Amino acid sequence: ILFFSIGCPGCVGRALPLARQMQEAYPHLQIVGIHTTLEGPKYSLEQVKGIISLHKITFPIFIDKESQTYQLFGAEGTPHWLWVSPEGVVEKSIFGSMGNAQQRLWNTLEESLNS
């Protein structure tokens, strides 16, 4: 699960392209994007669709209008990644601003696929 906001430069510039890259590298991997707005301007559905189209995102995107899903999972900001097992258990939580977040995501993906 990728929590993101189109108002977040790290989300638009790094997280969405990384999610697309992971989806292309591992087509059986199910990525789900959840657009959330924490503070600041509210974005229209058309604005979100524009960014999704620009980045050629093919995985499902959901809109978290009141940030309830974001809060439920205890996300720390955007981008925030959750690695969820097939059984529905959150196994890893990686805030995108953490050191080496992208490398940690790739490592988690490879560990999960090789176990």
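## Stop 1: a hidden residue

At 0% relative accessibility, Phe3 counts as buried (buried means under 20% relative accessible area, exposed over 50%, partly exposed in between, with a 1.4 Å probe and protein chains only). This is a predicted model, where local features need pLDDT of at least 70, side-chain atom pairs count only at pLDDT 80 or more, and totals for chains, interfaces and linings use all residues. Residues are numbered from 1 along each chain as its sequence is written, and side-chain values use heavy atoms, with hydrogens and water left out.

Keep Phe3 selected: it lies in strand 1. Helices (H or I, at least four residues) and strands (E, at least two) are DSSP runs, numbered from the N terminus. Now show what is around it. Leaving aside neighbours within four places in sequence, Phe3 is in contact with Ile34, Asp64, Thr69, Tyr70, Phe73, Ala75, Thr78, Pro79, His80 and Leu82 (contact means heavy atoms within 4.5 Å). Try the distance tool too: the C-alpha atoms of Phe3 and Ile61 are 58 residues apart along the chain and separated by 9.7 Å.

## Stop 2

Next, select Tyr70, one of the contacts of Phe3. Tyr70 sits in helix 3, residues 68–72. Is Tyr70 buried or exposed? Its relative accessibility is 9%, so Tyr70 counts as buried. Beyond four places in sequence, the residues touching Tyr70 include Phe3, Thr36, Leu38 and Asp64, and also Ala75, Glu76, Gly77 and Thr78. For another distance, pick Phe95: Tyr70 and Phe95 are 25 residues apart in sequence, with 12 Å from C-alpha to C-alpha.

From Thr78, step along to Pro79. A cis peptide bond joins these two, with omega at about -5°. Pro79 is in the loop between helix 3 and strand 4.

## Stop 3: the cores

Select Leu2, Phe4, Met22 and Trp81 together. These have the most contacts inside the largest nonpolar core, which has 25 residues. A nonpolar core is a set of buried Ala, Val, Leu, Ile, Met, Phe, Trp, Tyr and Cys residues joined through side-chain atoms within 4.5 Å. At least two residues of this core come from each of strand 1 (2–4), helix 1, helix 2 (45–54), strand 4 (80–84) and helix 4. Which helix gives the most to this core? Helix 1 does, with 7 residues.

There is also a second, separate core of 5 residues, and Ile34, Tyr70, Ala75 and Leu82 are among them. In soluble globular proteins, nonpolar side chains tend to be buried together.

Now zoom in on Leu2. Not counting residues up to four places away in sequence, Leu2 touches Ala15, Leu16, Ala19, Val32, Gly33, Ile34, Pro79, His80 and Trp81.

## Stop 4: two helices side by side

Colour helix 1 (residues 9–25) and helix 4 (residues 101–113). They pack at an angle of about 20°, and their axes are 12 Å apart. That makes helix 1 roughly parallel to helix 4. Axes here are lines fitted to C-alpha atoms, for helices over the stretch in contact, and angles run from 0 to 180 degrees between N-to-C directions; under 35 degrees counts as roughly parallel, over 145 as roughly antiparallel, 65 to 115 as roughly perpendicular and the rest as oblique.

Show side chains: Arg14, Leu18, Gln21, Met22 and Ala25 in helix 1 meet Gln102, Leu105, Trp106 and Leu109 in helix 4.

## Stop 5: around the loops

Head for the loop between strand 2 (33–36) and helix 2, where you'll find Thr37. Thr37 is buried, with 7% relative accessible area. Leaving out residues up to four places away in sequence, Thr37 touches Lys42, Tyr43, Asp64 and Ser67. Gly40 is in the loop between strand 2 and helix 2 as well, but Gly40 counts as exposed at 53% relative accessibility. Gly40 and Gly7 are 33 residues apart in sequence and 8.5 Å apart in space, C-alpha to C-alpha.

Lys56, with phi near 55°, is in the loop between helix 2 and strand 3 (61–64) and is exposed, with a relative accessible area of 60%. Ser67, with phi near 60°, lies in the loop between strand 3 and helix 3 and counts as buried at 5% relative accessibility. Most residues other than glycine have a negative phi, and most peptide bonds are trans.
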